[in-house]
Amino acid sequence: MRENLKYFVKNIFACFLSILILVLFGSLFIPKTFAQPIHVTNFSDLRDLLADSNQSGIQIQIDTPTIVSVENYNGCGKQKYIIGSPDISVLDGQGFFGIYGNGEGQELHLSSITLCNFSKTAGSAPGDQKNGATLFFQNNAKLYFDGNVNIISNTISGGGGSFDQYGGDSAGVCMNRSDLYASSITINFIANKSSDASGSALYFNGSEVIFFNDKILFQDNEAGDEGAALWAWDNAQLSFTNSSVTFLRNRADLSAGRATTNPNPLGIGGAISIKQNSVNISFQGTTEVDFTSNSARNGGAIYTGGTINFECASVVFSENVATSSGGAIYNANGLLYLDTSNGDIIFTGNQAGAGDAAGHDIYLEAGTSNNKW
């Protein structure tokens with residue numbers, strides 16, 4: 001009996017020791033991304049965690065209903081994760097940038113979070129540009145939307161120029177030669193305002209953007225110059241695949257009856273504006289796209305001098321308005337593909353202020369021949 005008890009105790013001890021060794025040894029190889037997230041309740045803590053480039057793959061949990069306020073930070077660090085609560089989390093910042101990533105290896109993941117009420121004012125001299133009031137990533141930094149993200153009621157004003165001048169572009173997300181990826185989530189861009197410039201919700205300069213299997217809403221965004229929902233430039237490549245994309249009541253051209261420091265607002269592309277032929281935007285697969293009640297001076301929904309390819313399940317242009325030309329689409333010698341082999345493309349109730357010759361649905365600028373339908 002005593003021998004059996006000794007044997008039993010010896011085996012229990014051996015098992016316990018083995019488990020302890022496995023836990024200690026295994027912990028050296030378990031990625032930090034699977035560790036328990038760090039909880040933060042103030043902006044200073046968040047800034048310090050994300051700016052520490054020596055920590056890779058950490059997760060930061062923002063507790064609801066925390067409002068993280070007042071300060072901004074520069075430098076998101078490497079492979080950082082901000083994960084909100086299942087319902088809503090809010091960052092509320094004021095400063096030079098909201099969240100800023102700069103350079104190769106800088107990587108930020110956002111999930112289940114709302115970014116709102118960021119407000120920036122740009123200056124009018126070199127070095128005073130304040131692009132990306134909420135999120136500004138450049139020089140090969142990477143931004144991932146891993147879970148539902150809301151970009152709501154952010155504003156940027158002043159500067160009165162483009163990204164390459166002294167501008168104040170994009171109240172929401174500004175990507176300058178950096179990439180954005182999102183898959184199988186819901187993204188809302190609502191009521192963002194760039195009063196003097198472009199791309200209130202999304203601004204892409206030489207970037208790759210991939211949306212796959214997402215539900216995306218651009219609603220009530222306003223820009224004083226171009227592309228209230230989306231502005232793209234210099235070889236930017238954007239794809240919407242197997243997604244639902246809605247552009248609702250976005251407006252470019254705030255100059256009429258409103259204060260602006262932009263001396264020559266173009267007011268083009270109520271939802272989307274691209275002017276370079278190197279830019280390519282594609283809607284493909286089972287994607288369904290709806291442009292409703294967007295407005296601008298030219299191109300109530302879209303102004304394009306680049307390539308826009310609709311070869312998806314369905315596209316609807318409804319009740320879009322241009323005060324001059326191109327109620328739905330203004331094609332400035334771009335390449336426009338309207339492919340109905342996968343589904344219908346419908347134009348209904350669009351209006352151009354300059355009359356029938358200005359194209360209530362589509363206006364082709366003189367010399368434009370690059371169209372496929």
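**Ser-273 and the cores**

Mentor: Start with Ser-273, which is buried, at a relative accessible area of 0%. Buried means under 20% relative accessible area, with a 1.4 Å probe and protein chains only.

Trainee: What should I know about the model itself?
Mentor: It is predicted: local features need pLDDT of at least 70, side-chain atom pairs count only at pLDDT 80 or more, and totals for chains, interfaces and linings use all residues. Residues are numbered from 1 along each chain as its sequence is written, and side-chain values use heavy atoms, with hydrogens and water left out.

Trainee: Which side chain makes a polar contact with Ser-273?
Mentor: Glu-226, at 2.9 Å. A polar contact is a pair of N or O atoms within 3.5 Å; within protein, one must be able to donate a hydrogen and the other to accept it, and residues adjacent in sequence count only if both atoms are side-chain atoms.

Trainee: What else does Ser-273 touch?
Mentor: Beyond four places away in sequence, its contacts include Gly-227, Trp-231 and Tyr-303. Contact means heavy atoms within 4.5 Å.

Trainee: New topic. Is Leu-338 buried or exposed?
Mentor: Buried, with a relative accessible area of 8%. Leu-338 and Ile-308 are 30 residues apart in sequence, and their C-alpha atoms are 8.6 Å apart.

Trainee: How many residues are in the largest nonpolar core?
Mentor: 55, and Phe-145 and Phe-310 have the most contacts inside it. Another core, of five residues, lies apart from it, with Tyr-100 and Cys-174 among them. A nonpolar core is a set of buried Ala, Val, Leu, Ile, Met, Phe, Trp, Tyr and Cys residues joined through side-chain atoms within 4.5 Å.

Technical notes:
Buried means under 20% relative accessible area, exposed over 50%, partly exposed in between (1.4 Å probe, protein chains only).
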